[in-house]
Amino acid sequence: MEKKVAVVGLGYVGLPLALTYVLGGFQVAGVDVDAQRIEAIRSASLGMREDFDGVPVNDVLRKCLAEGNLMVTSVFASLPRDIDTYIITVGIPIDDNWNLDMSMLASACQSLGRQLKQGDLVICRSTVPVGTTRGLVMSALEEASGLKAGVDFDLAYSSERIAEGRAYEEFRTMPLVVGGINTRSLERAAEVLGAINTKPVFKASSIELVEAAKMFENAQRDVNIAVANQVARFANRFDIPAWELIDACNTHTRVKILAPGIGVGGHCIPYASPYLFGSLSDPAERDELLPTFVSAREANAAQPAYIAGRMAQALHGTSGRRVLFVGIAMKDYSDDVTVSPAAVLARTLKDMGSVVHVLDDIAEVPPGFDRETDLRGAAAWAEAIVLPIRQSGVNYDTLRELLLETPGRLCVCDFRGIFRDDPDFAGQPWYMRL
């Protein structure tokens with residue numbers, strides 16, 4: 001195996017994957033049609049919160065570029081011609097009505113197809129509906145290249161399974177599941193992917209099985225989160241402490257209810273069920289075949305609105321109320337606001353008349369909200385403080401002192417449970433948990 005690969009798409013999956021291959025001894029070329037993204041990569045000025053065995057991503061990037069082991073471009077035709085392995089990591093956006101936008105993936109495959117040559121291998125690692133690799137991806141590659149998949153070039157699928165912030169570790173240690181259009185494609189893909197991974201490769205009987213496995217892995221987590229959130233809703237109805245209720249349930253050795261939250265964010269879990277739905281030719285089939293996943297997705301999507309309703313009660317109305325969000329990203333210690341339930345909740349409160357400010361020095365503050373930089377001043381300004389996530393850059397010991405100094409504010413919404421076990425917060429009428 002020649003240790004050269006090209007990665008198509010350099011986002012939260014593609015760039016860490018490219019760097020993992022470089023650190024594994026490969027020469028890597030990366031392509032992304034977003035010219036601004038390429039410039040940020042070349043200047044090693046990314047906001048991405050990834051590290052590689054403790055080394056920040058920008059430092060790793062700077063080293064890989066300087067040593068010439070990584071080249072990046074926004075032009076497919078600039079990819080080196082001696083590369084024969086291409087890994088696709090292009091995302092598929094989803095709108096509020098669960099409609100999939102396949103145009104970026106289709107365009108990337110068409111552009112890549114024009115570069116394909118006899119004997120190349122293409123591995124799709126994007127999360128896609130069942131049938132996409134053998135359908136859209138293969139047809140676009142064949143049409144643009146004039147080559148035949150399984151004859152002139154090889155084609156395989158292996159879903160990525162990483163969590164943002166742990167990409168490097170999980171690209172090396174998360175078990176792989178791979179499917180190929182034929183045996184040769186399967187074996188070649190397993191070798192390339194296994195070159196940076198320490199775990200045995202699960203060689204599946206079909207590409208479609210691997211596509212489905214990826215979606216059900218994430219959709220099952222969506223269901224588990226919906227269960228936790230609905231336990232919390234039920235507990236709130238009867239004025240039972242939700243976290244304590246879940247702790248009590250989890251003393252059963254065969255029960256594991258997750259911690260509740262304000263919703264589900266990121267690129268993976270919220271999109272899993274829509275990908276499943278998009279796999280079905282008849283939309284009505286989703287209610288027949290996947291009712292649990294439909295209801296879980298609807299419940300989690302509605303969670304920020306439910307939380308906003310609870311806050312409205314605690315605030316005796318939201319119009320004109322000053323609300324501070326300490327953290328706005330989609331999960332703990334992240335710079336990513338993709339499908340962030342914190343951002344959804346903030347927008348909901350703003351639409352209900354609240355004045356919303358955000359204190360987060362890591363994530364980009366969404367348009368329409370003022371950014372706060374001073375914790376003490378922001379806490380003094382706010383009538384309500386929302387803690388949706390844990391975020392680096394926030395001194396929670398200082399925040400605790402500030403909250404206890406001014407207990408007269410209307411509410412502290414500790415939706416992350418940061419102070420859930422602090423006796424000074426227990427029973428306080430202004431302290432709200434899920």
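This is a predicted model: local features need pLDDT of at least 70, side-chain atom pairs count only at pLDDT 80 or more; totals for chains, interfaces and linings use all residues.

Start with helix α1, residues 14–23, and helix α3, residues 57–66. Their axes cross at roughly 55° and come within 11 Å. The crossing of α1 past α3 is left-handed. Who makes the contact? From α1, we have Leu-15, Leu-19, Val-22 and Leu-23. From α3, we have Val-57, Val-60, Leu-61 and Cys-64. By class, that is eight nonpolar residues, no polar and no charged.

Next, helix α8, residues 207–237. I have two partners to show for α8.

Partner one is helix α9, residues 242–249. The axes of α8 and α9 lie 9 Å apart, and the packing angle is about 120°. Therefore α8 is oblique to α9. This crossing is right-handed. On the α8 side, the contact uses Ala-228, Val-231, Ala-232 and Ala-235. On the α9 side, it uses Ala-242, Leu-245 and Ile-246. The class count here is seven nonpolar, no polar and no charged.

Partner two is helix α10, residues 269–278. Here the axes come within 8 Å, and the crossing is at roughly 120°. So α8 is oblique to α10 too. α8 passes α10 in a left-handed crossing. The α8 residues in this contact are Met-215, Phe-216, Asn-218, Ala-219, Arg-221, Asp-222 and Ile-225. α10 brings Ile-269, Ala-272, Ser-273, Tyr-275 and Leu-276.

Now the empty space. Rolling a probe the size of a water molecule over the atoms shows where such space is left.

Cavities first. How many reach 30 Å³ or more? The count is one. The largest cavity has a volume of about 60 Å³. Its lining runs through Arg-125, then Ser-159, Glu-160, Arg-161 and Ile-162. Glu-170, Phe-171, Met-174, Pro-175, Leu-176 and Asn-197 also line this cavity. By class, the lining has five nonpolar, two polar and four charged residues. Among the charged ones are Arg-125 and Glu-160.

Last, the second largest pocket. About 510 Å³ of space lies in it. The lining takes 19 residues. Which of them lie nearest the centre? Asp-239, Arg-310, Tyr-431, Met-432 and Arg-433. Two elements each supply at least two lining residues: α12, which spans 291–314, and β16, which spans 431–432. The lining of this pocket divides into 12 nonpolar, three polar and four charged residues.

To recap the packing: α8 meets α9 in a right-handed crossing, and α8 passes α10 in a left-handed one. On the space side, keep two volumes in mind: about 60 Å³ for the largest cavity, and about 510 Å³ for the second largest pocket. That's it from me.

Key: Residues are numbered from 1 along each chain as its sequence is written. Side-chain values use heavy atoms; hydrogens and water are left out. On a 1 Å grid over the protein atoms alone, a cavity is a set of points where a 1.4 Å probe fits but cannot get out, and a pocket is an open set with protein on both sides within 12 Å along at least five of seven lines; lining residues have an atom within 4 Å of a point. Grid points are joined across faces, edges and corners, and a volume is the space filled by probe spheres set on the points. Axes are lines fitted to C-alpha atoms, for helices over the stretch in contact, and angles run from 0 to 180 degrees between N-to-C directions. Helices (H or I, at least four residues) and strands (E, at least two) are DSSP runs, numbered from the N terminus. Angles under 35 degrees count as roughly parallel, over 145 as roughly antiparallel, 65 to 115 as roughly perpendicular and the rest as oblique. A crossing is left-handed if the near helix is turned anticlockwise from the far one by less than a right angle, and right-handed if clockwise. Contact means heavy atoms within 4.5 Å.
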